[in-house]
Amino acid sequence: METSATRAGSRVVATTARNSARLTEMAASNFESVDLAEFAKQQPWWRKLFGPEAGLSAEEYSVATQLFIGGVTGWCTGFIFQKVGKLAATAVGGGFFLLQLANHSGYIKVDWQRVEKDMKKAKEQLKIRKSTQIPNQVRSKAEEVVSFVKKNVLVTGGFFGGFLLGMAS
C-alpha cells in the first residue's frame, strides 16, 4: 500500500532527474568561450565596472542634474572619508598612546637605537627605489581620468564641492 509521503518522494525524485537532464543538455550545448581577463584588459575602466553601455559623459543630462549627481556622490564620499579618517586616526593614535604607556610602565622595552637603525635602512631603500619616470600604466590611467574630467566638468565640479561639504559635515 503506497502512502502519500511515498508518492511525494517519488515525484521529487522524478522532478530532480528531469532538472538534471535539462542542465546536462544546457551544458552540452555550444557556448562561446570568452577569456574574461583579456576582454577586461581591452575595455576602459568604467566599462569594466558598469558594462558596455556605460558612456564617458553625462552630457545628456541637464546642468542642474549633472551638478546634483556630482554633489550628492561627492558629499557621500566626503562624509564616509571623514568618518573612516577619524576612525583610522583614533586607532593609530590610541595604539601609539598604549605603546608609550606600556613602555613607560615597564611592560615593554623599546630598543630605540635598533628602531633608528632600521628607519635609516628603510630610508635608504626608498631612495634606491625612487624613480623619476612614471610607469606607462599609471600614465595611461591618469590620461583616462583627465579625459573623463574634461568631458564631465559639471559632474566633477559638483563632486568636488560635495566632497568638501561632506568632509565639513
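**Chatting through a helical chain**

Mentor: Let's start with a simple count: the structure holds one salt bridge. Keep in mind that this is a predicted model.

Trainee: OK, which residue does Lys120 form a salt bridge with?

Mentor: Its partner is Glu116, and the closest N and O atoms of the two are 3.7 Å apart.

Trainee: And how far apart are Lys120 and Glu116 in helix H5?

Mentor: They are four residues apart in helix H5, which covers residues 112–129, so about one helical turn separates them.

Trainee: Is Lys120 buried or exposed?

Mentor: Lys120 counts as exposed, because its relative accessibility is 53% and the cut-off for exposed is over 50%. Glu116 has a relative accessible area of 46%, so that one is partly exposed.

Trainee: Switching topic: what secondary structure does the protein chain have?

Mentor: Seven helices and zero strands. Reading along the sequence, you get α-α-α-α-α-α-α.

Trainee: How much of the protein chain is made up of buried residues?

Mentor: Of the 169 residues, 11% are buried.

Trainee: What about pockets? How big is the volume of the second largest pocket?

Mentor: The second largest pocket comes out at about 150 Å³.

Trainee: Which residues line the second largest pocket?

Mentor: The lining is Ile69, Gly70, Thr73, Phe148, Val149, Val155, Thr156 and Phe159. Helices H4, H6 (136–151) and H7 (153–168) each supply at least two residues of that lining.

Trainee: And how does the lining of the second largest pocket split by class?

Mentor: Five of the lining residues are nonpolar, three are polar and none is charged.

Trainee: Let's go back to Ile69. Where is Ile69 found?

Mentor: Ile69 sits in helix H4, which runs over residues 63–105. Ile69 has a relative accessible area of 36%, so it is partly exposed.

Trainee: Which residues form a nonpolar patch on the surface?

Mentor: Ile69 turns up again there, along with Tyr61, Phe68 and Val72. Together these four have about 380 Å² of accessible area. So Ile69 belongs to that surface patch and also lines the second largest pocket, and it is partly exposed because its relative accessible area is 36%.

Trainee: How far apart are the C-alpha atoms of Phe79 and Leu165?

Mentor: Those C-alpha atoms are separated by 8.0 Å, while the two residues are 86 residues apart along the chain.

Methods. Residues are numbered from 1 along each chain as its sequence is written. This is a predicted model: local features need pLDDT of at least 70, side-chain atom pairs count only at pLDDT 80 or more; totals for chains, interfaces and linings use all residues. Side-chain values use heavy atoms; hydrogens and water are left out. Patches are made of residues with over 30% relative accessible area and no salt bridge: like charges are joined within 9 Å, nonpolar side chains (Val, Leu, Ile, Met, Phe, Trp, Tyr) within 5 Å. Accessible areas come from the Shrake-Rupley method with a 1.4 Å probe; for residues, only the protein chains shown count as cover. A salt bridge is a side-chain nitrogen of Lys or Arg within 4 Å of a carboxyl oxygen of Asp or Glu. Buried means under 20% relative accessible area, exposed over 50%, partly exposed in between (1.4 Å probe, protein chains only). On a 1 Å grid over the protein atoms alone, a cavity is a set of points where a 1.4 Å probe fits but cannot get out, and a pocket is an open set with protein on both sides within 12 Å along at least five of seven lines; lining residues have an atom within 4 Å of a point. Grid points are joined across faces, edges and corners, and a volume is the space filled by probe spheres set on the points. Ala, Val, Leu, Ile, Met, Phe, Trp, Tyr, Cys and Pro count as nonpolar, Asp, Glu, Lys and Arg as charged, and the others, Gly among them, as polar.
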